[in-house]
Amino acid sequence: MDKLLNRIMPILIALISLLMLFFNEPQRVEAQAGTPWEVLAEINGYRAANGLAPLVENQSLNIAAQNHVNWMAETGEFGHIGADGSTYTDRALAAGYGGGLSVRVTENWARGHGLTASGAVYDMWAPSGIHNSQMLTAFYNEFGAGVAVDQDGMTVYVVKFGIVLGGSISEEQAQPITTPSGPTNTPEPYIQPIITAEPNPDGSVIHIVQFGQTLWAIAEAYGIALDDLLTQNNLLEDSEIFPNQELLILPASNEVQETEIMTATPELEETPTPKPSPTPTKTSTAIPTLFNPTSTETPLPTEGFLVSIFRVDPFWLGIALVIVSLIGICLVLLTSSRLR
């Protein structure tokens with residue numbers, strides 16, 4: 001019997017070791033991501049190549065950007081609307097940006113597999129008009145960044161641009177410091193100044209958006225509330241606008257409209273009954289919406305045969321192996337007893 005146990009014990013030890021391999025979950029290898037400092041340095045390098053002064057890193061904007069990118073990576077919800085419906089301005093204020101003063105804040109974000117800081121700046125944001133204009137801004141003078149890796153192994157970047165109103169922007173930051181040169185050269189002026197439009201004959205005012213202009217800057221230039229501008233044009237605070245897009249600044253006045261109607265319709269003693277006219281077909285013009293580009297995930301390699309076999313519940317796999325082992329032991333004992 002002792003000899004039999006000596007033969008069986010190595011087999012049992014080997015089976016137990018094999019079971020431990022299945023019950024231990026392999027450690028995940030986290031994807032490498034760039035750092036917040038790297039993405040800020042890339043943006044300032046891009047600005048320098050276009051003859052613009054560097055933006056100043058702000059710790060409150062860093063905190064706001066990192067909090068938002070962490071939330072996106074954890075929840076899988078990507079965009080400018082964050083936890084509890086917060087906007088990028090809400091998040092900056094919550095992080096202490098501006099110290100209670102009035103501020104203006106905007107935001108870029110990008111996501112991709114193995115996305116580097118350079119890839120986010122040059123491959124994703126630079127080709128996009130609105131995101132490119134925010135990196136090459138002539139108004140914002142501070143920025144902050146955050147980086148995280150989400151549950152799919154995708155690298156996510158967030159960069160926030162801000163300015164505290166009431167302060168002064170130095171001439172060095174507001175104007176190009178050198179003549180742009182190189183492949184990233186941009187003809188001046190890069191950001192078009194806002195020139196207010198003259199009223200139309202009906203009293204309405206229409207503004208034609210130029211490159212780099214923002215909703216709040218347009219509202220301030222015309223002296224109207226931002227909420228009024230958004231309501232009149234069916235926009236949200238974080239809606240994106242595009243060059244040559246028409247924005248209604250001031251609707252036509254009622255007095256002018258009534259005068260035009262009275263002038264166009266002379267008084268008649270008897271007005272003939274108009275013939276019914278076919279109802280015109282409504283047409284709609286889709287306004288393009290610019291989304292942050294994302295990279296397509298690289299498909300995982302095909303799993304091997306052994307991995308596919310053992311992709312089952314480890315508990316039941318262990319039970320099955322133990323049962324098979326016991327059957328084998330019983331056969332060994334039975335065979336040994338007969339040989340005697």
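Modeller: Quick definition before we start: buried means under 20% relative accessible area, exposed means over 50%, and partly exposed is in between (1.4 Å probe, protein chains only). This is a predicted model, where local features need pLDDT of at least 70, side-chain atom pairs count only at pLDDT 80 or more, and totals for chains, interfaces and linings use all residues. Residues are numbered from 1 along each chain as its sequence is written, and side-chain values use heavy atoms, with hydrogens and water left out.

Colleague: Okay, how many residues of helix α8 are buried?

Modeller: Helices are DSSP runs (H or I, at least four residues), as are strands (E, at least two), numbered from the N terminus. Helix α8 covers residues 215-222. Leu215, Trp216, Ala217, Ile218, Ala219 and Tyr222 are the buried ones, so the helix is mostly covered, at 6 of its 8 residues.

Colleague: And what covers the buried residues of α8?

Modeller: Think of contact, meaning heavy atoms within 4.5 Å. The cover includes the helix α9 (226-232). It also includes the strands β2 (103-113), β5 (205-208) and β6 (246-250).

Colleague: Is Thr89 buried or exposed?

Modeller: Thr89 sits in helix α4 (residues 88-94). Leaving out residues up to four places away in sequence, Thr89 touches Val105 and Glu237. Its relative accessibility is 15%, so Thr89 counts as buried.

Colleague: What does Glu237 count as?

Modeller: Glu237 lies in the loop between α9 and β6. Because its relative accessibility is 45%, Glu237 counts as partly exposed.
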